[in-house]
Amino acid sequence: MTTVQASFSATGTPRRDSAVWQAIEWLVDSGSFYQLDALSEHDCQHFGTAGRKVPGDGLVTGHGRIDGRPVLVYAHDRDFLGGSSSRVHAVRIGKLLDMALQLGLPVIGLNDSSGIRIHEGVDAGAQFSEVFHKTVKASGVVPQISVILGDCAGGAAYAPALTDFIVMAGAESTMFLTGPSVIRSATGESVTKEEIGGAQLHAEVTGLAHFNCDGREQAVALVRELLGYLPQNNASPTPRVDRGDTGPRRTPRLERLIPAHQNEPYDVLDVVAEIADNNEFLEIQAQYAPNLVTGFARFGGRTVGVLASQPLQRAGCLDVDSSLKGARFVRLCDSFDIPLLTLLDVPGYLPGREQETRGIIGAGAKLLHAYCEASVPKLAIVLRKAYGGAYPTLANWSATDFTFALEQAEIAVMGPQGAVDIIFRRELAAAADPASLREKLLDDYRAAHANASYSAKKGYVDGLLAAAEVRNAVLSHLQLLADKVGGTPARRHSNIPL
């Protein structure tokens, strides 16, 4: 074993200023990193590689501590053969994943690789199949975080895509399977690395990047923050953090933050911050499907996964992308025993041909399936409205432990305007003053079905909350559910609709 200060350069001499070691020093607590397999070398004899060897073969592996917690780390050194991934890299990463499962430790990969080392051909490719297998075996057992610090190309992109989180270093980072030269040769299409795999693309369009940071240092710093919300493994609790705001407090500001008018937009992030410990919230996939907010907050010092409708985007409707985003987040939280809090202000599923032809039914089923299968504590609060199929998806009263609604909230199988236009279309068409009749019918429909008190009387929600009591209700019921035992019938696994 060697410490960070005894790392090797391409010539075998000590060096302290390389990009790979700088990233490791940013990541782990000072002086805590110990390198493993520092003298390993590739065994390839082809295409001039026999004479090109350095200690470590362009990969650093080892263990360190983040805020005192042990973690396992691997990092590509782009200064040797472009950080390309050799057979020996795969052996060493596989060894680290075995250790992670045996010791229950998070794994953090600092990725900066031009891809599988083509000099080695099938030797490297075949060995990396074992890495992919072990990554999947570790999924849901230990947190796995991938940081993309430069290029992550070809086969090297598969391993990060299998992990729990991908953090990209902004303009410095890319991820793609086939690079511009290969695409040009195969199809004649001229593209740039950023167009096919830039951080902005993966943050906004593909959703592959959970975080898009401003450079390498910020990306690594974010990993330290993210890990603070996660447990060491699926059998250990999340860290408890007490910064002086873990107890009950009223939240009267919510009365001003949430408009009374059903169609007036507001930022649900303000609501989340108001009720969370110290007003802190780490949003995940902020740029992807922003009509559904996902992320981590703390309540009573413990991590809670939050999903919230965002009225500022598509009026908070669920669509294909937000359904998939939500489903994956729910399953992540369930894997690591992180309770779920869902805040609803949702008009329903986004209507239209594009959504239907893209498979909104299947995407919605994935989100519904994820919620129903999750056995962690689940709370849901209807902030202003919950209409249509989005309501039993996000707040399924049979699968959710406790469901509440604010006093003025509306809950219905369809929004009052749509329902009135369908139920009373003949009366409205024949009316001398259809506008006045519609207003009266809207009031009648709200009184009959849409108001939250109707659902409370029927037992579909567990109670009505004053806005000022939302945080206290969350704290109280999470405490009640702290020792919840989730049991399901014995089976191999469910058949999620993919």
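Leaving aside neighbours within four places in sequence, which residues is Thr-294 in contact with?

1. Thr-294. The partners of Thr-294, beyond four places in sequence, are Phe-281, Leu-282, Glu-283, Ile-284, Val-306, Leu-307, Lys-325 and Phe-329. Contact means heavy atoms within 4.5 Å. Thr-294 lies in strand β11 (residues 292-299). Its relative accessibility is 0%, so Thr-294 counts as buried. The classes are buried (under 20% relative accessible area), exposed (over 50%) and partly exposed (in between), with a 1.4 Å probe and protein chains only.

2. Basis. This is a predicted model, in which local features need pLDDT of at least 70 and side-chain atom pairs count only at pLDDT 80 or more, while totals for chains, interfaces and linings use all residues. Residues are numbered from 1 along each chain as its sequence is written, and side-chain values use heavy atoms, leaving out hydrogens and water.

3. Overall make-up. The protein has 19 helices and 17 strands. These are DSSP runs numbered from the N terminus: helices are H or I with at least four residues, strands are E with at least two. Of the 498 residues, 55% are buried. Take the contacts between residues at least 6 apart in sequence: 72% of them join residues at least 24 apart. The protein exposes about 21,600 Å², and carbon and sulfur atoms supply 53% of that area. Areas come from the Shrake-Rupley method with a 1.4 Å probe; for residues, only the protein chains shown count as cover.

4. α11 with α13. Helix α11 (residues 320-335) packs on helix α13 (residues 360-373) at about 20°, with the axes 8 Å apart. Axes are lines fitted to C-alpha atoms, for helices over the stretch in contact; angles run from 0 to 180 degrees between N-to-C directions. The two helices are therefore roughly parallel. The bands are under 35 degrees for roughly parallel, over 145 for roughly antiparallel, 65 to 115 for roughly perpendicular, and oblique for the rest. The crossing of α11 past α13 is left-handed. That means the near helix is turned anticlockwise from the far one by less than a right angle; clockwise is right-handed. Residues of α11 in the contact include Val-320, Leu-324, Ala-327 and Arg-331. Those of α13 include Ile-360, Gly-364, Leu-367 and Tyr-371. By class, the contact of α11 with α13 has nine nonpolar, three polar and four charged residues. Nonpolar covers Ala, Val, Leu, Ile, Met, Phe, Trp, Tyr, Cys and Pro; charged covers Asp, Glu, Lys and Arg; the others, Gly among them, are polar.

5. α15 with α17. The axes of helix α15 (residues 416-423) and helix α17 (residues 434-450) come within 9 Å and cross at roughly 110°. These helices are therefore roughly perpendicular. α15 passes α17 in a right-handed crossing. Among the contact residues are Pro-416, Val-420 and Ile-423 of α15, and Leu-441, Tyr-445 and Ala-450 of α17. The contact of α15 with α17 holds eight nonpolar, one polar and three charged residues.

6. α19. Eight of the 11 residues of helix α19 (residues 470-480) are buried, so this helix is largely enclosed by the rest of the structure. The buried set includes Arg-471, Asn-472 and His-477.

7. Two loop residues. Val-142 sits in the loop between α3 (122-138) and β6 (144-153). At 0% relative accessibility, Val-142 is buried. Residues touching Val-142 include Leu-105, Asp-164, Gln-232 and Phe-336. Thr-178 is in the loop between β8 (174-176) and α5 (180-187). Thr-178 is partly exposed, at 40% relative accessible area. Beyond four places in sequence, Thr-178 touches Ile-183 and Ile-196.
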